[in-house]
Amino acid sequence: VALVVQFWNLQVLRARHFRELAENNRSRLVTVAAPRGALLDREGRVLVGNRPSFNVVLVPEHASDIDRVVSRLAATLGSGEAQIRERIARRQPLRPVVVKNDASLADVAALEARRKELPEVSIDVVPLRSYPLAAAAAHALGRVGEITERQLELAEFRGLAPGSLVGQAGIEARYNRDLMGRDGFRRVIVNSRGVEVTEAERLAPEDGPSLTLGIDASLQRAMDGAFEGRAGSAVALDPQTGEILAMTSTPAYDPNEFTTGIDPALWASLARDPETPLMNRVIQGTYAPGSTFKIVAATAALEEGVVTPSTAFYCPGYLAVYNTVFRCNAAGGHGVVDLRRAIAASCNVYFYQVGIRLEIGRLAKWGKIMGLGAPTGVDLPHEASGLMPSPEWKL
């Protein structure tokens, strides 16, 4: 009677539970990654695309002796066992683990030859981000990388699994959700050793949509070529629309080195480099504006009625203010100059006189009206606001 009751419990009451266990034991769900959308220049030329790559994937639950599998896998790939064990330890329970990204054809051939010895291991073909321009425009275009634990907690990354590749800088980060496609899957039937027998179901992935930028690839290459070997930054704008035609910040980095997880030693060298290759000088560096500020001063002086276009000052090549001598850019001076001549010759003394008459309050007011001391709103992450000094800031 006890046996009959137990049989009835297992075969009737808990039949669905055991059926699901059996089904899960003989089938495996394999995610098919969706390619991110390409980044195109204004002429439709590819700035950032994708290339096929091979990931080596291990399913630890299918291994009867995980130590033996790890040892044999490390020997086949020529990598350290500790690295593979670390990846297994960081994975989510019951999920396959990628033990090597972007494996070489030699790795793939070696694993295929040992397929019966390592049935727990498979090769997935996945799209990998490709940056044809390498370091050129790296700060503008950005880079992708494995999602961090902090990002997993943010609302904008909700629904993504650990190990997902997401935008980490530049356009890749700003338009991350727009560029991401929808992953597909394969449900495969495996035998008792975990070897794939047949495919039961497939859902094709949806590619991410392409994004067309204002950048001109030819101009971008020319700009980066002009900066070769030197540190600095430059932006080319369309004066009619404000579109960014090219943007460079040097020294830079190669975003291709980040696509499969950057080597810790390389990351440390980039982070410690005194030339700050990870910083986008265009939107994160703060610098004194120099003579370009003369246009702000001239506009403020005209609008406040301090000068007219014909107002003239004498420039002897210097100006003494409270026993401090300020030099002009022309050692011999420019003589008597009006506003037009002062702008054309970039006469320092003329604009010292203008600044004295305006005083800092009105200079700060017009600097802020013209956008200084505030973010421009460019669609790139982590833009610094800069500083427009004022009496309030000084206090």
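Is Tyr 352 buried, exposed or partly exposed? Select Tyr 352 and look: at 27% relative accessibility, this residue counts as partly exposed. The cut-off for buried is under 20%. Keep in mind that the model is predicted.

**Stop one: Phe 326 and Tyr 352**

Now view the two rings together. The centres of Phe 326 and Tyr 352 are 5.6 Å apart, and the planes meet at 55°, so this pair is tilted. Colour by secondary structure next. Phe 326 belongs to strand S15, residues 324-327. Tyr 352 belongs to helix H15, residues 348-369.

**Stop two: Tyr 253 and Phe 258**

The count of aromatic pairs comes to 5. One of them is Tyr 253 with Phe 258, an edge-to-face pair. Their centres are 5.3 Å apart, with 65° between the planes. Check burial here. Tyr 253 has 3% relative accessibility, so this residue counts as buried. Phe 258, at 5%, is buried as well.

Select Trp 267 next. Together with Tyr 253 and Phe 258, Trp 267 forms one aromatic cluster.

**Stop three: charges over rings**

Stay on Phe 258 and show Arg 143. The charged end of Arg 143 sits over the Phe 258 ring, 4.6 Å from the ring centre.

Finish at Tyr 175. Which residue lies over the face of Tyr 175? Select Arg 174: this residue is there, 4.7 Å from the ring centre.

Notes: Residues numbered from 1 in each chain as written. Predicted model: local features only at pLDDT ≥ 70, side-chain atom pairs only at ≥ 80, totals over all residues. Heavy atoms only, no water. Phe/Tyr/Trp six-rings, centres within 6.5 Å; stacked < 30°, edge-to-face > 60°. Buried < 20%, exposed > 50% of the residue type's maximum accessible area, 1.4 Å probe, protein only. Helix = DSSP H or I, 4+ residues; strand = E, 2+ residues; numbered from the N terminus. Lys NZ or Arg CZ within 6 Å of the ring centre and 35° of its normal.
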